[in-house]
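This briefing describes the helices, surface and annotated spans of the chain shown below. Please read it alongside the sequence and the coordinates.

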Amino acid sequence: MEFSAELAKAIMVAGKAIGAGLAMGIGAIGPGVGEGSIGAHAMDAIARQPELTNVITTRMILADAIAETTGIYSLVIAFLILFAL
């Protein structure tokens with residue numbers, strides 16, 4: 001069986017798709033776990049001190065935004081793998 005240019009191109013496209021999928025799939029685990037932990041701890045804090053609900057909610061949203069950045073970085077890397085390499 002000869003190794004043709006079409007087969008090489010197909011293997012390269014498959015490698016890009018697998019790499020992008022792994023980058024996005026593995027990269028989404030961290031933000032999911034982090035945001036869940038942040039939300040759980042915020043609910044605990046609100047249950048202990050209901051008078052600080054507004055302050056805790058604001059800080060929870062900021063912390064969620066920071067935790068989400070790694071997921072966005074993963075998405076950017078997946079796009080780079082698919083379209084720039």
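The notes below are grouped by topic.

The model is predicted, so local features need pLDDT of at least 70 and side-chain atom pairs count only at pLDDT 80 or more, while totals for chains, interfaces and linings use all residues. Residues are numbered from 1 along each chain as its sequence is written, and side-chain values use heavy atoms, with hydrogens and water left out.

**Helix 1**

- Helix 1 (5-27) has 23 residues and spans 32 Å from its first C-alpha to its last, close to the 33 Å expected at 1.5 Å a residue. The expected span is 1.5 Å times one less than the number of residues.
- Helices here are DSSP runs (H or I, at least four residues), strands are E runs of at least two, and both are numbered from the N terminus.
- K16, A20 and G27 are the buried residues of helix 1. Buried means under 20% relative accessible area, exposed means over 50%, and partly exposed lies in between (1.4 Å probe, protein chains only).
- The cover over these buried residues includes helix 2 and helix 3 (53-83).

- K16, in helix 1, counts as buried because its relative accessible area is 18%.
- Leaving aside neighbours within four places in sequence, K16 is in contact (heavy atoms within 4.5 Å) with I81, L82 and L85.
- The C-alpha atoms of K16 and L82 are 5.7 Å apart in space, although the two residues are 66 residues apart in sequence.
- S74 belongs to helix 3 and is buried, with a relative accessible area of 12%.
- S74 touches A23, M24 and G27, not counting residues up to four places away in sequence.
- F83 lies in helix 3 and counts as exposed at 66% relative accessibility. Its C-alpha atom is 12 Å from that of M12, which is 71 residues away along the chain.

**Nonpolar surface patch**

- I18, L22, I26, I29 and V33 make a nonpolar surface patch of about 530 Å². Helix 1 and helix 2 (29-48) are the elements that give two or more residues to this patch.
- Helix 1 gives the most, with three residues.
- I29 is placed in helix 2 and is exposed, with a relative accessible area of 53%.
- Patch residues have over 30% relative accessible area and no salt bridge; like charges are joined within 9 Å, and nonpolar side chains (Val, Leu, Ile, Met, Phe, Trp, Tyr) within 5 Å. A salt bridge is a side-chain nitrogen of Lys or Arg within 4 Å of a carboxyl oxygen of Asp or Glu.
- An α-helix has 3.6 residues a turn, so residues three or four places apart point the same way.

**UniProt annotations**

- An unreviewed UniProt entry lists "domain: V-ATPase proteolipid subunit C-like" for residues 18-81. In the model, the end C-alpha atoms of residues 18-81 lie 10 Å apart, and the span is 92% helix and 0% strand.
- The UniProt annotation "transmembrane region", from an unreviewed entry, covers residues 61-84. The end C-alpha atoms of residues 61-84 lie 33 Å apart, and the span is 96% helix and 0% strand.
- UniProt positions are given in the numbering used here, feature names are shortened, and annotations may be inferred rather than shown by experiment.

Methods:
Accessible areas come from the Shrake-Rupley method with a 1.4 Å probe; for residues, only the protein chains shown count as cover.
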